[in-house]
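Work through these exercises with the model open beside you. Try each task before you read its solution.

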Amino acid sequence: MARIAGVDLPKAKRMEIALTYIYGVGRSGARKLLREAGVDFDVKTDDLPEEDLVKLRRVIDAYK
């Protein structure tokens, strides 16, 4: 299970949708974060490689 910014992301959801579970992140913000991290919008949370998860955490930490 992916955990970002203190939030457990739901399983089997597209990353574009899963990131909206983080307080303050909407659909457009999720797209912006994924684009900046270089992660595919359609990848499922269960299929996300660890390297992409680390990149995404860095981008989100800078976003806060």
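A residue counts as buried under 20% relative accessible area, as exposed over 50%, and as partly exposed in between. Keep in mind that this is a predicted model.

**Exercise 1. Find how many helices and strands the protein has, and give their order.**

Step 1. Count the elements. The protein has three helices and two strands.
Step 2. Read along the sequence. The pattern is β-β-α-α-α.

**Exercise 2. Compare the radius of gyration of the protein with that of a compact globule.**

Step 1. Take the chain length, which is 64 residues.
Step 2. A compact globule with 64 residues would have a radius of gyration near 11 Å.
Step 3. Compare. The protein has 10 Å, which agrees.
Step 4. Along the principal axes, the C-alpha atoms fill roughly 25 × 20 × 20 Å.
Step 5. Of the 64 residues, 38% count as buried. Take the contacts between residues at least 6 apart in sequence: 48% of them join residues at least 24 apart.

**Exercise 3. Trace the salt bridges that join Arg14, Glu16, Arg27, Arg31 and Asp42.**

Step 1. Side chains of opposite charge can pair when their charged atoms come close.
Step 2. Begin at Arg14. Its side chain meets that of Glu16 in a salt bridge, at 2.4 Å from N to O.
Step 3. Find another partner of Arg14. The side chain of Asp42 forms a salt bridge with Arg14, at 2.9 Å from N to O. Asp42 lies in the loop between α2 (27–37) and α3 (50–63), and Arg14 in the loop between β2 (7–8) and α1 (15–18), so this pair ties together parts that are 28 residues apart in sequence.
Step 4. Go back to Glu16. Glu16 also bridges to Arg27, with the closest N and O atoms 3.5 Å apart. This pair links helix α1, which holds Glu16, to helix α2, which holds Arg27, eleven residues apart.
Step 5. Salt bridges with shared partners join Arg14, Glu16, Arg27, Arg31 and Asp42 into one network.
Step 6. Widen the view. The whole structure has seven salt bridges.

Key. Residues numbered from 1 in each chain as written. Predicted model: local features only at pLDDT ≥ 70, side-chain atom pairs only at ≥ 80, totals over all residues. Heavy atoms only, no water. Helix = DSSP H or I, 4+ residues; strand = E, 2+ residues; numbered from the N terminus. Rg over C-alpha atoms; globule rule 2.2 N^0.38 Å. Buried < 20%, exposed > 50% of the residue type's maximum accessible area, 1.4 Å probe, protein only. Contact = heavy atoms within 4.5 Å. Salt bridge = Lys/Arg side-chain N within 4 Å of Asp/Glu carboxyl O.
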